[in-house]
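Here's a quick briefing to read alongside the structure. Have a look at it first, then skim the notes by topic.

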Amino acid sequence: EKIVSVDGCWAVDFHLPHGVKSIVMDELRDWTTFADGDIRHHSGTAVYHKQIGRPETREGQRVYLRINGLECTSRISINGKKAGYIWCSPWETDITEYLNNGDNNLVLEVANQLTNRMIGDLDLPEAKRSTFATKALVQKGDELLPAGITGGVELVVR
C-alpha cells in the first residue's frame, strides 16, 4: 500500500451551545490540550475542513481515508457528498468514488462524549452550566478524556 499523509493546517469549527468558534490548527491535536475552555471542555461536534488532492492510482486500486488517533467518531464528506463513517478499527473508509481529479473538499465531522463538558461545567456557577444530570456522573479533579483527532489523517492507496 502507498500512504499519503494529509499534512498542513486544518480549519476547524467547534459547534458550541452559544455559537460556532472557528480556529486553524497548524497540526492535529487533542482538544483537551487547548488553553481555551470552550475547546478544552468541548463535547459535541467539531467540523474539520481541508482541501486535498487525489493521489495517483493504477487501474483497480482504491483510495481509503484513514484517521489515526480518532478519539470517538467521524462522519466523512467529500465534495459535499457523504462518504462514510469511521468509529472503530481499522479507522478507515473507502473514498475512491467521491474523489475528483485535482482539488477535493474534505470535511470531517468529529464528535466526542459529554464527559469533558460536564467536567468543565463543575467550575462554572450552576446558572451558566450547559449540562445537567440527576446523579453526578463526574467529579472535580476527574481527568478529561482525549478528544478530536490526536494523530494524523492519511490517504491509503491499495
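This is a predicted model: local features need pLDDT of at least 70, side-chain atom pairs count only at pLDDT 80 or more; totals for chains, interfaces and linings use all residues.

**Fold**
- The protein chain has 2 helices and 10 strands.
- Going along the sequence, the order is β-β-β-α-β-β-β-β-β-β-α-β.
- If you want the overall dimensions, the C-alpha trace spans about 60 × 25 × 25 Å along its principal axes.

**Packing and surface**
- The protein chain runs to 158 residues, and 41% of them count as buried.
- Take the contacts with a separation of 6 or more: 69% of those in the protein chain are between residues 24 or more positions apart.
- As for the accessible surface, the protein chain has about 8,800 Å² of it, and carbon and sulfur atoms account for 48%.

**The largest pocket**
- The volume of the largest pocket is about 230 Å³.
- Its lining is made up of 15 residues.
- Which residues lie nearest the centre of the largest pocket? They are His18, Asp38, Arg117, Asp121 and Ser130.
- Three elements each put at least two residues into the lining of the largest pocket: strand 2 (10-16), helix 1 (37-40) and helix 2 (115-121).
- Helix 2 gives the most to that lining, with 3 residues.

Key:
Residues are numbered from 1 along each chain as its sequence is written. Side-chain values use heavy atoms; hydrogens and water are left out. Helices (H or I, at least four residues) and strands (E, at least two) are DSSP runs, numbered from the N terminus. Buried means under 20% relative accessible area, exposed over 50%, partly exposed in between (1.4 Å probe, protein chains only). Contact means heavy atoms within 4.5 Å. Accessible areas come from the Shrake-Rupley method with a 1.4 Å probe; for residues, only the protein chains shown count as cover. On a 1 Å grid over the protein atoms alone, a cavity is a set of points where a 1.4 Å probe fits but cannot get out, and a pocket is an open set with protein on both sides within 12 Å along at least five of seven lines; lining residues have an atom within 4 Å of a point. Grid points are joined across faces, edges and corners, and a volume is the space filled by probe spheres set on the points.
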